[in-house]
Amino acid sequence: MSTDSTKSTPDAPATSNPDPTTDLKTLPMAEVQKQLGTSPEGLSQAEAAQRLITYGPNEIAEHKTNPLLKFLSYFWGPIPWMIEVAVILSGAVGHWPDFFIILVLLLANAVVGYTEERQAGNAIDALKAKLAITARVRRDGEWGTPAARELVPGDVIRLRLGDIVPADARLLEGDEIEVDQSALTGESLPASCKPGDPVYSGSIIRRGEIGALVYATGTRTYFGKTAELVADAHTVSHFQKAVLKIGNYLIVLAAVFVAVIVLVSLLRGDAVLTTLQFALVLTVAAIPVAMPTVLSVTMAVGARLLAKKKAVVSRLVAIEELAGVDVLCADKTGTLTQNSLTLGEPFSIDTITAADVVLAGALASRAENDDPIDLAVLGGLSDKDALQPYTIIHFEPFNPVDKRTEATVTSSDGMTFKVSKGAPQVILALAGDSAAITPAVEAAVNDFAARGYRSLGVARTDDRDQWIFLGVLPLFDPPRQDAKTTIATARTMGVSVKMVTGDAIAIAKETAAKVGLGTKILDAAGLGDVKKQESPEAVQSIETADGFAQVFPEHKYHIIDVLQQRGHIVGMTGDGVNDAPALKKADCGIAVSGATDAARAAAAIVLLTPGLAVIIDAIKESRKIFQRMNSYAMYRIAETLRVLLFVTGSILVFNFFPVTAIMIVMLALLNDGAILSIAYDNVHYKMKPEAWNMRLVLGIATVLGVVGPIAAFGLFYLGEKVFGLGRPQLQTMMYLMLSVAGHLTIFLTRTRGPFWSIRPARILWIAVLGTQAVATLIAVYGLFMTPLGWGWAAFVWGYAIIWALASDRIKLLAYRVFDRTNKTASPDDANTTEDTLSPEHDAIHGPSQTTTPATAPIPTTTTAPTPRRSKPTTMTTPAPTNTDAATGWHPKHDRATLPKTGGLT
């Protein structure tokens, strides 16, 4: 979570729309009971059943896509359209083998994509099922425990220590309780609530027991209002955009070539049916039939690898998005910090030692109360047996009147004394010498507050039963142990981390400094209306900030929106209800371990282990997956262009079909079937965010796609003019050439350097050799074609290998032309691999991840991360306004119970 109750309390709704429940939250209890038609005795079972029909279940309705429509969506888009056209044409001319083979590939893509996303969804549903809760409800004068989803406005419920509040409710008569609202507001410390106060769905009772009257359920709760922002958040995957561009490119190519051939054929007087048949062959040749399947399988394999690293992928395209993330908006509480109070270095008076202050504070604490403050103080004892010599005779817990705890203690020598801890000004008032020590104590408390710490005063009585002020205990939420190293690793990988929190600026700055972020923290209150367009200065300050403090849910959404408009690919981590809208809006929303249902439902990736380290592992894995998809896209475009140019050229120049329709289908089946193994290939991941560079992809693919036909026409010339082969045998030779050369192309596109720079995975070798052995046997012995013989087959293999070696050098020259961003360095700047090969052996991929490339300096806290298509900008953070210099608390959002010295109450 990342909002603080000093700022982001649920009293400020997630949306600006008026809500009738707002009145029920503030009206006198008698009026609330009158409006809801209820009393402290609760409803009858019959009335509750009627209201359940009227108000609906107490749950956030999940808008799930119809499974059938979800499955059918895989048949919609440029590439599926092309495949579907090929299926129709195959049926129209009666080419049933083609018809069934292409149809199977079309269905395979849909089944793989649908199955993987469904499995991920089932994993999320299983996690949600574990969190199902019940509620203690009074109906017909009897207490029962129905499912929380059956609650209705007007129900009377009982809240006890550890309970999750099942709906928005007003507290009935009873003692004050403490409520943990961190899932809603991000505030680590519990909030004190007295009778008449509202408590919110998703909160946890940390101290006390009390009855409550439900006034809002389901989408009318604060939780539900946040869900409205989630519903409004929609993004289009960069992967989907890239596939659309590739599909459009291939459609244009196919349309142009088919139109030329049809026009020439008709002018030559060829039969219409023959022309239609050829159009079918060319369409099949142009369509990357298995492209969606290969890309889906590649991401599915990656999703399984990420699952082993405790990262569940709920949307496959999130893998590609994560590879491109260059700004990670990290939630503070629970993500960068441990979300647990910890004792800092105490301030002590005169000769009193820090250990004495901690011991007295620990004696005034009780572990069995499960109070976070007491547990933090007890955890500060250096010797866990230090309390053994003492016996607690009497203990008075914290109450809002006295604002302190007190214990009467007997030591092992029979001496009896009292100890107390609480708000510093309250403890000072107990001490007889307070006037002399007040300036020093206030200076210590203010110093702690300026560093983001909360303060507790500690005192004990002497042998005359007079109170003596001992010192001040500072409490803070410590950073996670791996936070600093993880952030440093993220920077070396080109990912700028920005902290987003609801805490005050002082706390945010202190935390940011400890985890290695800069201290240029913006006050989100200064962003103004989050629905308006920001000024260029405000946009620049958002882009260059190291973090944001005092943030509402809609601020998070707005910050991500601004960064996305500046060309950044934005990742967002979070775990609370208040994080859900931003998680949905981000290019890659990441729900951290222990996240709420709302956060997990909105996120694209759900982490099952705490900390940021698993995110870095996920980024590394996603960049490898991206490299595989990028390699395959180049290969597929190059192969499509190779076949189109060669077949079209043969028809126009020689009036000859170089391959038959069944040969084309067999090429697609064998080549694309084997190429599925690229999902397991060895790759280097870049030490900078990935992006679909369509100019580079289409450029390299086009160069290789043009070189291929030159080689094919060379073999065609040798076969017909030099060796005098007949046309049927020549067709078989050309089939084998296209098959062998096609598979050799994947070894060219999979590396940016020489083809030997990264060792291929064993499964890729086996798949290629296996399918080409089959293709060779088909050609040699003439299955569905004229036999070629072993001699000519060996000649074709040798010819194809020579041209592959030449093509590899041409590819390197093409990278120099099309990859203009890397003129003075290797195209990948810095990469690493999990291969046994050392990265230094790869001439194109540069140094390993432990080396900082000279041409790609690590981002500093004074320079904004460079978005795609934009220049670095210098930080111009506006100074926070109306903020107490000593405490860092914004007066607008100051808790009423927090003293101006910054001490804890």
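**Sheet, helices and burial**

Colleague: In what order do the eight strands of the open sheet stand?

Modeller: The model is predicted: local features need pLDDT of at least 70 and side-chain atom pairs count only at pLDDT 80 or more, while totals for chains, interfaces and linings use all residues. Residues are numbered from 1 along each chain as its sequence is written, and side-chain values use heavy atoms, without hydrogens and water. Strands are DSSP runs of E with at least two residues, helices are runs of H or I with at least four, both numbered from the N terminus, and two strands pair if DSSP finds at least two bridges between them. The pairing in this sheet is mixed, and the order is β10-β24-β23-β22-β11-β19-β21-β20.

Colleague: Which strands stand at the edges of that sheet?

Modeller: An edge strand here has a single partner strand, so one of its sides is left without a neighbour in the sheet. That applies to β10 (311-313) and β20 (521-523).

Colleague: By how many degrees are neighbouring strands of this sheet turned against each other on average?

Modeller: Axes are lines fitted to C-alpha atoms, for helices over the stretch in contact, and angles run from 0 to 180 degrees between N-to-C directions. For the average between neighbouring strands of this sheet, direction is ignored, and the value is 20 degrees.

Colleague: In β24, which residue is the bridge partner of Ala591?

Modeller: β23 (residues 588-591) runs parallel to β24 (residues 605-607), and two bridges join them. The partner of Ala591 in β24 is Val606.

Colleague: At about what angle does helix α20 run to β19?

Modeller: Helix α19 (residues 505-514) lies across β19 (496-500), β20 and β21 (547-549), at about 165 degrees to β20. Helix α20 (residues 536-544) also lies across β19, β20 and β21. Its angle to β19 is about 105 degrees.

Colleague: Why is strand β18 said to be largely enclosed by the rest of the structure?

Modeller: Buried means under 20% relative accessible area, exposed over 50% and partly exposed in between, with a 1.4 Å probe and protein chains only. β18 covers residues 467-476, and it counts as largely enclosed because the number of its 10 residues that are buried is nine.

Colleague: Which residue stands opposite Gly457 in β18?

Modeller: β18 pairs in the antiparallel sense with β12 (residues 342-343) over two bridges, with β13 (residues 347-348) over two bridges and with β17 (residues 454-461) over eight bridges. In β18, Leu343 is partnered by Leu475, and Ser348 stands opposite Gly471. Opposite Gly457 is Val472.

Colleague: Which residue takes a positive phi in the hairpin of β17 and β18?

Modeller: Five residues lie between the two strands of this hairpin. The positive phi, near 65 degrees, belongs to Asp465.

Colleague: How far apart are the end C-alpha atoms of helix α27?

Modeller: Of the 23 residues of α27, 20 are buried. The expected span is 1.5 Å times one less than the number of residues, so α27 (residues 727-749) should span 33 Å. The end C-alpha distance agrees, at 32 Å.

Colleague: How many disulfides does the structure hold?

Modeller: A disulfide is counted as a pair of cysteine sulfur atoms within 2.5 Å. Cys329 is buried at a relative accessible area of 1%, and Cys588 is buried at 0%. The number of disulfides in the structure is zero.

Colleague: What share of the chain is buried?

Modeller: The secondary structure comes to 29 helices and 26 strands. Of the 905 residues in the chain, the buried share is 58%.

Technical notes
Contact means heavy atoms within 4.5 Å.
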